[in-house]
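User: Hi! Could you walk me through this fold, from the overall layout down to its aromatic pairs?

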Amino acid sequence: MTTRVADNTDESRFEIFDGGELAGFVEYHRFRDEIAFLHTEIDPRFGGRGLGGTLARSVLDEAREQELKVLPFCPFIRGWLGKHPEYTDLVPKEQHARFGL
């Protein structure tokens, strides 16, 4: 199946599609040069396919491309960052302790 991630700015969330079907999303709030990730959900029908990780990598790559500071309030995104230290530079150093990085 083809997987794609799209920024649905009207809903303030990045959405992941699997085979054209909405499989999950990450809600966010943008303010100036920051993006706060608030909540991630993957539909249980799509569980076990690695879509959560694909979505996390995609939204963090997008934040890097747009030179945004990341505030990972979402436990899933925060946990993913903990397993992928190559992305922790997106979180401002003064915020690392706050998010357990």
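This is a predicted model: local features need pLDDT of at least 70, side-chain atom pairs count only at pLDDT 80 or more; totals for chains, interfaces and linings use all residues.

User: In what order do the elements of the protein chain run from the N terminus on?

Analyst: Residues are numbered from 1 along each chain as its sequence is written, and side-chain values use heavy atoms, with hydrogens and water left out. Helices (H or I, at least four residues) and strands (E, at least two) are DSSP runs, numbered from the N terminus, and the protein chain has two helices and five strands. From the N terminus on, their order is β-β-β-β-α-β-α.

User: What is the radius of gyration of the protein chain, and why does it count as compact as a globular protein of that length?

Analyst: The radius is taken over C-alpha atoms, and the globule rule is 2.2 Å times the number of residues to the power 0.38. For 101 residues that rule gives 13 Å, and the protein chain comes close to it, so it is as compact as a globular protein of that length. The radius of gyration of the protein chain is 13 Å.

User: Is Leu55 buried or exposed, and what is its relative accessible area?

Analyst: Leu55 lies in helix H1 (residues 51-65). Among the residues it touches, not counting those up to four places away in sequence, are Val5, Phe14, Ile16 and Ile42, where contact means heavy atoms within 4.5 Å. Buried means under 20% relative accessible area, exposed over 50%, partly exposed in between (1.4 Å probe, protein chains only). Leu55 is therefore buried, at 0%.

User: Which kind of pair do the rings of Phe14 and Tyr28 form?

Analyst: Rings of Phe, Tyr and Trp (its six-membered ring) pair if their centres lie within 6.5 Å; planes under 30 degrees apart count as stacked, over 60 as edge-to-face and the rest as tilted. By this rule the count comes to three aromatic pairs. The centres of Phe14 and Tyr28 are 5.1 Å apart and their planes are at 45°, so the pair is tilted.

User: Where in the chain do Phe14 and Tyr28 sit, and how many residues apart are they?

Analyst: Phe14 is in strand S2 (residues 13-18) and Tyr28 in strand S3 (residues 21-31), so the pair links distant parts of the chain. Phe14 is buried at 6%, and Tyr28 is buried at 7%.
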